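Here is a friendly note to read alongside the model, point by point. Please keep the viewer open as you go.

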Amino acid sequence: MLDRAAFGRDHFERAEATLLFVALTTGMRNAEVIGLTWSDVIIDPDDGSGRLHVCRTLQRVVDREAPLRVHTNGRVIQPRKLVVGPPKSKSGDRWIPLFPEAVDMLLAERQRQCEAGWQALPVGDLVFCTRYGRPLSDVYLGQRIERLCDLAGLERRSFYALRHTFASMLVQAGESDVSLADAIGHADSSTTKKV
């Protein structure tokens with residue numbers, strides 16, 4: 001069972017920083033970040049280099065088989081369920097090299113989770129989760145990035161904007177359209193140019 005006391009404020013500030021840094025430096029889609037498991041994080045013990053295997057997504061989708069619920073305010077709620085699926089396209093299944101700082105942050109995150117008695121969830125041994133050990137949601141990602149924008153005095157952006165920032169950084173670094181499309185998981189470079 002998850003030891004919530006060991007998952008204090010400091011842990012979540014560090015986990016949040018790791019989440020944002022990994023998202024910003026990999027260009028992963030929201031559902032790819034949410035679905036990332038520890039088995040997808042490969043670190044070479046000889047040279048300390050690391051890479052991520054993006055091979056699944058984790059999304060909350062409407063559960064059409066579940067009965068409707070009624071909120072206390074009278075609004076009807078359609079329950080949702082977690083679904084593990086493949087990336088958005090075939091080219092979305094890819095390997096992404098990690099910055100050395102990301103490797104260090106991920107190793108520290110794994111260590112904190114182990115020390116806190118982290119247990120793998122039924123949906124997998126997720127790298128990023130809520131303070132209650134549940135999978136993250138797009139709403140959660142949006143709240144985190146908005147809070148950080150507010151703290152930094154910046155105009156609010158969506159979590160998905162980190163993906164666009166990553167692509168812009170690659171363009172500024174002189175990467176070709178083809179390598180940029182490969183890095184962010186687009187099927188062809190014309191899609192990347194349009195976006």
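1. Start at T18, which touches M105, L106, R112 and F128 once residues up to four places away in sequence are set aside; contact here means heavy atoms within 4.5 Å. T18 sits in helix α1. Helices (H or I, at least four residues) and strands (E, at least two) are DSSP runs, numbered from the N terminus. With a relative accessible area of 1%, T18 is buried. Buried means under 20% relative accessible area, exposed over 50%, and partly exposed in between, with a 1.4 Å probe and protein chains only.

2. A word on what you are looking at. This is a predicted model, in which local features need pLDDT of at least 70 and side-chain atom pairs count only at pLDDT 80 or more, while totals for chains, interfaces and linings use all residues. Residues are numbered from 1 along each chain as its sequence is written, and side-chain values use heavy atoms, with hydrogens and water left out.

3. Now the overall layout. The chain has seven helices and seven strands, and along the sequence they follow the pattern α-α-β-β-β-β-β-β-β-α-α-α-α-α. Of the 195 residues in the chain, 41% are buried. Among contacts between residues at least 6 apart in sequence, 64% join residues at least 24 apart. The chain exposes about 11,400 Å², and carbon and sulfur atoms supply 53% of this area. Accessible areas come from the Shrake-Rupley method with a 1.4 Å probe, and for residues only the protein chains shown count as cover.

4. How many salt bridges are there? The count comes to 10, where a salt bridge is a side-chain nitrogen of Lys or Arg within 4 Å of a carboxyl oxygen of Asp or Glu. One of them joins the side chains of E16 and R144, at 3.6 Å from N to O. E16 lies in helix α1 (residues 9–26) and R144 in helix α4 (residues 138–152), so this pair ties together parts that are 128 residues apart in sequence. E16 counts as buried at 10% relative accessibility, and R144 counts as buried at 18%.

5. Please look at E32 next. E32 forms a salt bridge with R29, with the closest N and O atoms 3.0 Å apart. R94 also forms a salt bridge with E32, and there the closest N and O atoms are 2.9 Å apart. This second pair links distant parts of the chain, since R94 is in strand β7 and E32 in helix α2, 62 residues apart. R94 is buried, with a relative accessible area of 5%, and E32 is buried at 1%. Elsewhere, salt bridges that share partners join E16, R144 and R147 into one network.

6. Which of its residues lie on the covered face, and which on the uncovered one? R94 and I96 are on the covered face, while W95 and P97 are on the uncovered one. In a regular strand the side chains alternate between the two faces of the sheet. Strand β2 (residues 50–54) pairs with β7 in the antiparallel sense over four bridges; strands pair if DSSP finds at least two bridges between them. Within this pairing, I96 in β7 is the bridge partner of L52.

7. D40 is found in the loop between α2 (30–34) and β1 (41–43). Is D40 buried or exposed? D40 counts as buried, at 4% relative accessibility. Its side chain makes a polar contact of 2.3 Å with the side chain of R56. A polar contact is a pair of N or O atoms within 3.5 Å; within protein, one must be able to donate a hydrogen and the other to accept it, and residues adjacent in sequence count only if both atoms are side-chain atoms. Leaving aside neighbours within four places in sequence, D40 is in contact with G35, R51, L52, H53, C55 and R56.

8. One more buried residue is E109, in helix α3 (residues 100–115), with a relative accessible area of 2%. E109 and R14 are 95 residues apart in sequence, yet 7.6 Å apart in space, C-alpha to C-alpha.

9. Finally, turn to the surface around V70. V70 is in strand β4 (residues 69–70) and is exposed, with a relative accessible area of 61%. L68, V70 and V76 form a nonpolar surface patch, with about 300 Å² of accessible area together. Patches are made of residues with over 30% relative accessible area and no salt bridge: like charges are joined within 9 Å, and nonpolar side chains (Val, Leu, Ile, Met, Phe, Trp, Tyr) within 5 Å.
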